[in-house]
Each structure stands twice: as structure tokens, then as C-alpha cells.
Amino acid sequence: MENLQLWDFRFIDFVDVFLVAILLYYIYKLVKGTVAINIFIGILIIYFAWRLTDYLQMQMLYSIFDGFMKVGIIALIVVFQPEIRKFLLLVGSTNIGGKKGIFKNFKFLKNDDQTTTDVDAIINACNRMGTTNTGALIVIERNNNLDFLTNTGDSMNILVSQPIIESIFFKNSPLHDGAIIIDNNVVKATRVILPVNNEKNIPERFGLRHRAAVGITEKTDALAIAVSEETGQISYIKNGEFVMFKDTDDLIKKIKQDLV
């Protein structure tokens, strides 16, 4: 028997392993905290059961699992359609040469354990606007580049602060319509038109502002914060779902965790 060449490891093998690790990392990031993670685990269990029944020659069970696996790729596309959309958007919107270069998205290569976005200022502004029933829609960019949406509004480059956000959404301000997009603690666009979700059953008390928040967080991995113009209530939306929180401190904590 020939000795194993443990050190016969080419540079291209390192690149191969590195790219697979990145792929698995982003698959995990896309499904983490969603129902899809449980479905993904269920599919893995079925796959291992399929291999086990084949090894043990359990023909009846094997035929059942085999039939499922043959149509598995179609089932994966149907079940993980939102996650596949987000992943393709991440790949397609990456500008390798610019400041939105591909390594900007590889947060696991960084040592930062906290976000640079001033979440406290954003939520404090939302609380103030809620007391005056001032409607607002704030989108916080994460991995998916949202530059394709900035063309629908006005490009900006303003450092995030509580007075700035309140002044943008002031009812007499020319910038208050639509959403604002925040990236790396900078307001990069105002008056942005977001895709509206018309399919999901959303309570009637929520209007177009909340439907837009659901729509953008379904199609991308962005986070959305909406302030109701009718009730002044603050809503936090992630992955197309409303996230429940106990109080302002709990909301700030959840957003900071999701941005890391």
C-alpha cells in the first residue's frame, strides 16, 4: 500500500476549500433565523436516511427516499426560492473593483464584534417620530448591495444622527416620502421607492409602508424599521417577517445582533 501523500496539497486545493467555506458560510447566513433552517436540516436527515437505507438494502424505504431525492432539486428551488433570490442578488450586485468589493461582504474575515451603525440614534428618532405620528420607513443594508434601489430616489451621503433622521421624515420636508437607505452609518439615499409585497397576508392596520418593508426584506437580507403614521407604533421587519420585541432596549439589542 502506498503511503498517503498528506503534504501533496496544491494551492488550487486551498482555493477550492476556501471558496466552499465561503459558500457554506453564506448559505448559513441566508437561512439563519428563518423557517428555512429547519427545512434544510430536515432535508439533510432525509438524505442520510436515503444513504443508510441503500447501505442496509432496505428496499421499500429506499425506494420511497429515492423517489423523494429524484425530485429533490425541484423541491429545493421551490422551498428556498427567497434564499436563492437573495444569494443571486448578493453575487450579481457585487462590484469587485469598487468600495463595494466582494471582500466587503466577508464579515467573518473581520474582527469587529459590533456594528458601526448608530442603532441607538435611529431608534431614538423613531420613538420621537412615533410620539407625533410621523410616518417613516428606514432600510438598513447588510450583505446585499442596495445600489439598484438608490436610483429610484435621491442619492445622499449624510452621517446618521437622530436630528438628521427626524428632519428627513418631517412632514413638511421634501424628502419625507418613500424610504431611506442606511449603509455603514451613512444615509445613502432618500425618497427611495421599495418593492411592495402584495402576496403575504398582512393585517389591514398596516399600509403600504409596512408592505414595502416586508417586500424589501423578502427580496434582500436588509433590515427595515417602519413607524406607523396612524398609531405611531414602531415595527421591525426581517426576512419578510415582523420581529417581536419587548421594549426599545430589546429592539436596539436585536438590531445590533442582526447587523454583526
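**Hairpin β5-β6.** I began at the hairpin of β5 and β6, which has six residues between the strands, and found glycine 232 there with a positive phi near 80°. The model is predicted, so I note the limits: local features need pLDDT of at least 70, side-chain atom pairs count only at pLDDT 80 or more, and totals for chains, interfaces and linings use all residues. Residues are numbered from 1 along each chain as its sequence is written, and side-chain values use heavy atoms, with hydrogens and water left out.

I looked up the pairing next, where two strands pair if DSSP finds at least two bridges between them. β5 and β6 are antiparallel over five bridges, and alanine 226 has serine 235 in β6 as its bridge partner.

**Burial of β5.** Is β5 enclosed or open? Five of its five residues are buried, so the strand is largely enclosed by the rest of the structure. Buried here means under 20% relative accessible area, exposed over 50%, and partly exposed in between (1.4 Å probe, protein chains only). In a regular strand the side chains alternate between the two faces of the sheet. In β5, Leu223, Ile225 and Val227 point one way, Ala224 and Ala226 the other, and all are buried.

**The sheet.** I traced seven strands in an open sheet with mixed pairing, in the order β2-β4-β3-β1-β5-β6-β7. Direction ignored, neighbouring strands are turned by 30° against each other on average. Helix α9 (residues 208-219) packs on this sheet, touching β1 (136-140), β5 (223-227), β6 (234-238) and β7, and its direction makes about 175° with that of β5. Contact means heavy atoms within 4.5 Å; axes are lines fitted to C-alpha atoms, for helices over the stretch in contact, with angles from 0 to 180 degrees between N-to-C directions. Helix α10 (residues 248-259) lies across β1, β5, β6 and β7 and runs at about 25° to β6.

I also checked β3 (residues 179-183) against β4 (residues 186-192): four bridges, antiparallel. Aspartate 183 has valine 186 in β4 as its bridge partner.

**Aromatic pairs.** I found three in the structure. The rings of phenylalanine 14 and phenylalanine 18 are stacked, because their centres are 6.3 Å apart and their planes at 15°. Rings of Phe, Tyr and Trp (its six-membered ring) pair if their centres lie within 6.5 Å; planes under 30 degrees apart are stacked, over 60 edge-to-face, and the rest tilted. The two phenylalanines are four residues apart in helix α1 (residues 11-31), about one helical turn. Phenylalanine 14 is partly exposed at 48%, as is phenylalanine 18 at 30%.

Tyrosine 47 and tryptophan 50 make a tilted pair, 5.7 Å centre to centre with 50° between the planes. They sit three residues apart in helix α2 (residues 35-55), about one helical turn. Tyrosine 47 is partly exposed at 33%, whereas tryptophan 50 is buried at 16%. Ring pairs link Tyr47, Phe48 and Trp50 into a cluster.

Which residue lies over the face of tryptophan 50? I noted arginine 51, at 5.2 Å from the ring centre; the criterion is NZ of Lys or CZ of Arg within 6 Å of the centre and within 35 degrees of the ring normal.
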